[in-house]
Amino acid sequence: MSSLDDVVRSTERRLLRLGLMLSGSRHTAEDLVQSVLARAHRQWDRIGGLEYPEAYLRTMVVNEYLGWRRLLMNREVPLAEPIERPAYDDLGSRQAQRDATWRLLARLPRKQRAVLVLRYYEDLPDQEIAAILGVAPVTVRTNAARALATLRDQLSAEETS
């Protein structure tokens, strides 16, 4: 059985980055992870006995993000805060790209955004994404296809205007 302290030390940064990619806000990501870890602490006897408690915590973060009512009331457009400094000198260009990416992702429904983040940021296969979201793998592929089509349409519309 893993201790909660050990698991938190080894996965906290990954959970925070996942929360950031899902929510677009560093502060919201911190709130998501804090909320999840508080719940996990109360249930650690069960969670710590799992073969992969880290995967369970990741699933909890995604589910917390998808169900968090406070986020639904927030009408602000999420913008990511850089975690690390870019390796090259053109900071303005890189920040403009991030802002454009967040504006596009912010327009997607929450589940579609979660699918894209889990697929392209966490690099998870459809089967694992389906298990995290509690849906069939075909639903994951459908959500990804719809999200990518929406992003393509939005990019095309922005280029023509």
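This is a predicted model: local features need pLDDT of at least 70, side-chain atom pairs count only at pLDDT 80 or more; totals for chains, interfaces and linings use all residues.
Residues are numbered from 1 along each chain as its sequence is written, and side-chain values use heavy atoms, with hydrogens and water left out. Local features need pLDDT of at least 70 and side-chain atom pairs count only at pLDDT 80 or more, while totals for chains, interfaces and linings use all residues.

Helix α4 covers residues 53-67, 15 residues in all (helices are DSSP runs of H or I with at least four residues, numbered from the N terminus). From first C-alpha to last, α4 reaches 21 Å, close to the 21 Å expected at 1.5 Å a residue (1.5 Å times one less than the number of residues). Buried residues in α4 include Pro53, Leu57, Met60, Val61 and Tyr65 (buried means under 20% relative accessible area, with a 1.4 Å probe and protein chains only). Over the face of tyrosine 65 lies arginine 110, at 4.4 Å from the ring centre (the cut-offs are CZ of Arg within 6 Å of the ring centre and within 35 degrees of the ring normal).

Aspartate 123 isn't a glycine, yet has a positive phi of about 60°. At 65% relative accessibility, aspartate 123 counts as exposed (over 50%).

As for packing, the axes of α7 and α9 (residues 137-160) come within 9 Å and cross at roughly 100° (axes are lines fitted to C-alpha atoms over the stretch in contact, with angles from 0 to 180 degrees between N-to-C directions). The two helices, α7 and α9, are therefore roughly perpendicular (65 to 115 degrees). Among the α7 residues meeting α9 are Val115, Leu116 and Tyr120, and the α9 side includes Val140, Ala144 and Leu148 (contact means heavy atoms within 4.5 Å).

Methods
Angles under 35 degrees count as roughly parallel, over 145 as roughly antiparallel, 65 to 115 as roughly perpendicular and the rest as oblique.
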